[in-house]
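Reader: I would like to learn how to read a model like this one, step by step. Could you take me through it?

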Amino acid sequence: MDFTEFRAAAELLGMLLTDLRSLTLLLLLLAAAICDLRTRRIPNLLTFGGAAIALLYGLAAPHHGGGLLWALGGLGLGFALMLPLYLLRAMGAGDVKLMAMAGAFIGPDGAWQAVIFVFITGGIAAMAYALWHRVAGKLLRNTLQTTELLFVTVAAGIRPDARASSTQSVGSLPYGVSIALGTVAFLVARQFTWV
């Protein structure tokens, strides 16, 4: 680790200890991941409460990275980017609300970048799950069949629904964990100026 990386790591630790917005987001993401692991649900109190805190912070401290409109933009973009997966029944409503809450803390630019990290994290988690349970081939076949079904239904002008597929599920993952890990990975990457 050279001096620049050491300095960035020290700044990351300093940010977590001194930036109330980032610390609050990390604690909320941790709570959501734990809830999702235990119950497969993310409480509305956590997502709506967290979003309210982010919006109030934007209103009260606009000079610290973004104001109310910035937080609203992040909330809306986080919601909009995950909503299609909910409409396809590929994700729960709590997951969509969690990403919207995270977006309110990190703003619109951060929200779209964090969603990319979340999708990568979710894909890695799905492949790890499939390999661990020895169903990777079935997962790939299901993905191919579902993608084909999506294109056919869209071309026919029918609203896509992931449940219309005849494939049997290989299991489900608590996606709140992927949202938490992906968002944290984005925050670390941003701190190290990798994104």
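Author: We will go through confidence, fold, core and surface in turn.

Author: This is a predicted model, where local features need pLDDT of at least 70, side-chain atom pairs count only at pLDDT 80 or more, and totals for chains, interfaces and linings use all residues. Residues are numbered from 1 along each chain as its sequence is written, and side-chain values use heavy atoms, with hydrogens and water left out.

Reader: What does the chain average in pLDDT, and where is confidence lowest?

Author: pLDDT is the predictor's confidence in each residue, from 0 to 100. Here the chain averages 87, and 90% of the residues score at least 70. Confidence is lowest in helix α1 (residues 3-18), with a mean of 72, and highest in α3, at 96.

Reader: How many helices and strands does the chain have?

Author: Helices (H or I, at least four residues) and strands (E, at least two) are DSSP runs, numbered from the N terminus. This chain has seven helices and zero strands.

Reader: Which residues touch the most other members of the largest nonpolar core?

Author: Buried means under 20% relative accessible area, exposed over 50%, and partly exposed in between (1.4 Å probe, protein chains only). A nonpolar core is then a set of buried Ala, Val, Leu, Ile, Met, Phe, Trp, Tyr and Cys residues joined through side-chain atoms within 4.5 Å. In this chain of 195 residues, 36% are buried. The largest core has 29 residues, of which Leu25, Met82, Leu98, Met99 and Met101 touch the most other members. Two or more residues each come from α2 (20-39), α3, α5 (93-132) and α7 (175-191), and α5 gives the largest share, 11 residues.

Reader: What does leucine 98 touch?

Author: Contact means heavy atoms within 4.5 Å. Not counting residues up to four places away in sequence, leucine 98 touches Leu29, Ala32, Ile42, Leu46, Thr47, Gly176 and Ile179.
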